[in-house]
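Trainee: I would like to learn how to read a model like this one. Could we take it feature by feature?

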Amino acid sequence: MTGARVGSALTDEQAAIRDLVEEFAAEEVRPTAAAADETETFPEDVWDGLAELGLTGLTVPEEHGGFGADETTYAVVNEALAHGSLAVATALSVHCLATSCLAEFGTDEQRETWLPEMAETGRPVGMFCLSEPHAGSNPAEMSTTATYDADTDEYVLNGEKQWITNGRRGGVAIVFAKVAREDGDGGPDETDDAITQFLVPADTDGFEVGKKEEKLGLRASDTTGITFDDCRVPAENRLTEPGKGLSAAFRTLTEGRIGIAAQAVGVAQAALDEAESYATEREQFDRPIADIQTIRHKVAEMSTDVSAARLLVREACRQAEAGEDYRVAASKAKYRASEAATSVTNEAVQIHGGYGYTTEFDVERLYRDAKITEIYEGTTEIQKTIIARGVFGE
Ligand SMILES: Cc1cc2nc3c(=O)[nH]c(=O)nc-3n(C[C@H](O)[C@H](O)[C@H](O)COP(=O)(O)OP(=O)(O)OC[C@H]3O[C@@H](n4cnc5c(N)ncnc54)[C@H](O)[C@@H]3O)c2cc1C
């Protein structure tokens, strides 16, 4: 990687894990990234490699066979993996959202049934189903319903989710829905506060996976809609009380946001590394373009952006580990790191000139991939809303 890495000191264990994942990303992930992007195919053997390293159990508690990673470890793994492929890092972070929900809200039996396998083999792959076609930034507007059937002691899910990462490859989903009351006293149309979350295996009748989205970037990652058509799950699969689901989702997403911010740093660092190496080799006017002051200033700005973003990620991790309210810090990290990813990848393409606009060089893919970090797990505008609330003490 280019230049000394800035960031608060890692423990020996955190540094060892980072080095291990960096090596795996360089040797096993990055070499597959261009082909996976071109064919829009998720590299399943890379996923198996992640499982062998124990990374599919990153956020699974140790007593359930996982890694029980702290926030800093979660962040450094996400950064290192995204340096190899954002599509792979995204798939892992969504799997981790699902395992985190199960670990925090599942019953002992559910944890025992699902978590050890999800941690050790990475299967079934987890999904997190919050967004809907008409409810993105404001998930409270969701229209997916869950109606309790007292005769069978089941909930019946109906509705449509959108943008679900791991949609085709996933085996188990955390699904957010509004509990519809049988007696019509305050149904899903009348109240926002009856949202809860359900554990839904993908092979349940009525769980229908839609077509794979064709995307600007992150093309190896599997993004689909999912429809629930009278999809029945046992009542025990309801993970939170009605009305507690949305706050649970936001809590899970705040943790996840640190991971996305770290991924953005990884993408930006990868683009910076490519730019540095290309600028050193490419000659114009009888000298490497790295000797041209304009290029040097670009690289200086890119390097500063990456370091600043990484520091914000580390600060959010520090606050989380200290048990502080880190919502604003996580939003600052996500906002600034995703902005760094888009601007640094943009400049990396510029430094490559016309070659940067071709698929021959990785910066083309990094540029397309980076944009998503400003959108998913809360757009930049939503991050700024959260930060402003913090500023005004609201
Ligand atoms: C590749 C990909 C993978 C994804 N994976 C998942 C997943 O696994 N699970 C999941 O549940 N979701 C997933 N998402 C969904 C993602 O989180 C949403 O796309 C995102 O939250 C934005 O919602 P939206 O697309 O509906 O945009 P909208 O909410 O419609 O926003 C449109 C624009 O309006 C702005 N806006 C909206 N409200 C406000 C406001 N109050 N103030 C200021 N600006 C505002 C937004 O910032 C944006 O610029 C994924 C999306 C993509 C593209």
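Trainee: How far apart do the C-alpha centres of domain 2 and domain 3 lie?

Mentor: First, the ground rules. This is a predicted model, where local features need pLDDT of at least 70, side-chain atom pairs count only at pLDDT 80 or more, and totals for chains, interfaces and linings use all residues. Residues are numbered from 1 along each chain as its sequence is written, and side-chain values use heavy atoms, with hydrogens and water left out. Domain bounds come from an automatic or database domain assignment. Here they give domain 1 (12-125), domain 2 (127-246) and domain 3 (249-391). The C-alpha centres of domain 2 and domain 3 are 32 Å apart.

Trainee: How many residues of domain 2 are in contact with domain 3?

Mentor: Contact means heavy atoms within 4.5 Å. By that rule, 11 residues of domain 2 meet 11 residues of domain 3.

Trainee: Which residues have the most contacts inside the largest nonpolar core?

Mentor: A nonpolar core is a set of buried Ala, Val, Leu, Ile, Met, Phe, Trp, Tyr and Cys residues joined through side-chain atoms within 4.5 Å. Buried means under 20% relative accessible area, exposed over 50%, partly exposed in between (1.4 Å probe, protein chains only). The largest core here has 70 residues, and L81, I258, V313 and I351 have the most contacts inside it. Helix α6 gives the largest share, 14 residues. Helices are DSSP runs (H or I, at least four residues), numbered from the N terminus.

Trainee: Why does this core lie between domain 1 and domain 3?

Mentor: Both domain 1 (12-125) and domain 3 (249-391) give residues to this core, so it lies between them. Look at I351: among the residues it touches are A275, Y278, I289 and M302, leaving out those up to four places away in sequence.

Trainee: Is T254 buried or exposed?

Mentor: T254 is buried, at 8% relative accessible area. It sits in helix α6. A polar side-chain atom of T254 lies 2.8 Å from the backbone oxygen of F250. A polar contact is a pair of N or O atoms within 3.5 Å; within protein, one must be able to donate a hydrogen and the other to accept it, and residues adjacent in sequence count only if both atoms are side-chain atoms.

Trainee: Which residues come nearest to the ligand?

Mentor: A residue is near a molecule if one of its heavy atoms lies within 4 Å of it. Of the 17 residues around the ligand, S131, S137, W163, T379 and E381 come nearest. A side-chain N or O atom of T165 is 2.9 Å from a ligand nitrogen.

Definitions and conventions. Helices (H or I, at least four residues) and strands (E, at least two) are DSSP runs, numbered from the N terminus.
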